[in-house]
Amino acid sequence: EIHAEVQLKNYGRFLEDYTSQLKRIEDALDDSVGDVWDFSLDPIALKLLPYEQSSLLELIKTENKVLNKVITVYAALCCEIKKLKYEAETKFYNGLLFYGEGGTDSSMVEGDCQIQMGRFVSFLQELSCFVTRCYEVVVNAVHQLAVLYTSNK
């Protein structure tokens, strides 16, 4: 009984020390974070995100018409590459990563593998079209870079 009381007192001291350490860390972080929005104190918050209303073609305008065309082509290619990257990340990565997951070979009934593969064929068709489109965009980008590099104009 005496041993249990000693352990209980030691545990109480440990909790008090730990609580004071956490309080000091919290106070130190509060000073470094600065003035942030508090939901309980401030009923309204402002989001100050920049919003660009001008189009890409308006930003590219220069006095040199040839330079305008060249920059427009590269800007369009960059936008297309960014869209393809987003589509790959959202549409195809997870399907390729997780195909066949979730069931073991012993738990699958005969024919389940064939049904799963049959459902995956449409995904593979879309992926094939996507890869073809990526190939076309990359070839176009390389051609554009080659023309720009070797051009005498």
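This note comments, point by point, on the fold, the helix packing and the salt bridges of a predicted model.

1. Overall fold. The protein contains 4 helices and 0 strands. Followed along the sequence, the order of elements reads α-α-α-α. Among contacts between residues at least 6 apart in sequence, 60% join residues at least 24 apart.

2. Surface and burial. Of the 153 residues of the protein, 9% count as buried. The accessible surface amounts to about 13,900 Å², and carbon and sulfur atoms account for 61% of that surface.

3. Packing of H3 and H4. Two packed helices are described by the angle between their axes and the distance between the axes. For H3 and H4, the axes come within 10 Å and cross at roughly 155 degrees. An angle over 145 degrees counts as roughly antiparallel, and H3 and H4 are therefore roughly antiparallel to each other. The crossing of these two helices is left-handed.

4. Salt bridges in general. Side chains of opposite charge can pair when their charged atoms come close. The model has 4 salt bridges under the rule applied here. The points below take up individual pairs.

5. Arginine 133 and glutamate 80. These two residues form a salt bridge in which the closest N and O atoms are 3.1 Å apart. Arginine 133 belongs to helix H4 (residues 112-150) and glutamate 80 to helix H3 (residues 65-98), so the pair ties together parts that are 53 residues apart in sequence. Arginine 133 has a relative accessible area of 35% and is partly exposed. Glutamate 80 is also partly exposed, with a value of 22%. Which residues make up the network of salt bridges that includes Arg133? The network links Glu80, Arg133 and Glu136.

6. Lysine 91 and glutamate 126. Here too a salt bridge is formed, with the closest N and O atoms 3.0 Å apart. Lysine 91 lies in helix H3 and glutamate 126 in helix H4, 35 residues apart, and the pair thus links distant parts of the chain. Lysine 91 counts as partly exposed at 40% relative accessibility, and glutamate 126 counts as partly exposed at 38%.

7. Lysine 85 and glutamate 89. The side chains of these residues meet in a salt bridge with an N to O distance of 3.0 Å. Both residues lie in helix H3, where they are 4 residues apart, about one turn of the helix. Lysine 85 is partly exposed, with a relative accessible area of 49%. Glutamate 89 is partly exposed as well, its relative accessible area being 34%.

8. Asparagine 68. Is asparagine 68, a residue of helix H3, buried or exposed? Its relative accessible area is 16%. Buried means under 20%, and asparagine 68 is therefore buried. Leaving aside residues up to four places away in sequence, asparagine 68 touches Ile60, Lys61 and Thr62.

9. Summary for the reader. Helix H3 runs roughly antiparallel to H4. By contrast, lysine 85 and glutamate 89 both lie within H3. Asparagine 68, a further residue of H3, is buried.

Definitions and conventions: Residues are numbered from 1 along each chain as its sequence is written. This is a predicted model: local features need pLDDT of at least 70, side-chain atom pairs count only at pLDDT 80 or more; totals for chains, interfaces and linings use all residues. Side-chain values use heavy atoms; hydrogens and water are left out. Buried means under 20% relative accessible area, exposed over 50%, partly exposed in between (1.4 Å probe, protein chains only). Contact means heavy atoms within 4.5 Å. Accessible areas come from the Shrake-Rupley method with a 1.4 Å probe; for residues, only the protein chains shown count as cover. Axes are lines fitted to C-alpha atoms, for helices over the stretch in contact, and angles run from 0 to 180 degrees between N-to-C directions. Angles under 35 degrees count as roughly parallel, over 145 as roughly antiparallel, 65 to 115 as roughly perpendicular and the rest as oblique. A crossing is left-handed if the near helix is turned anticlockwise from the far one by less than a right angle, and right-handed if clockwise.
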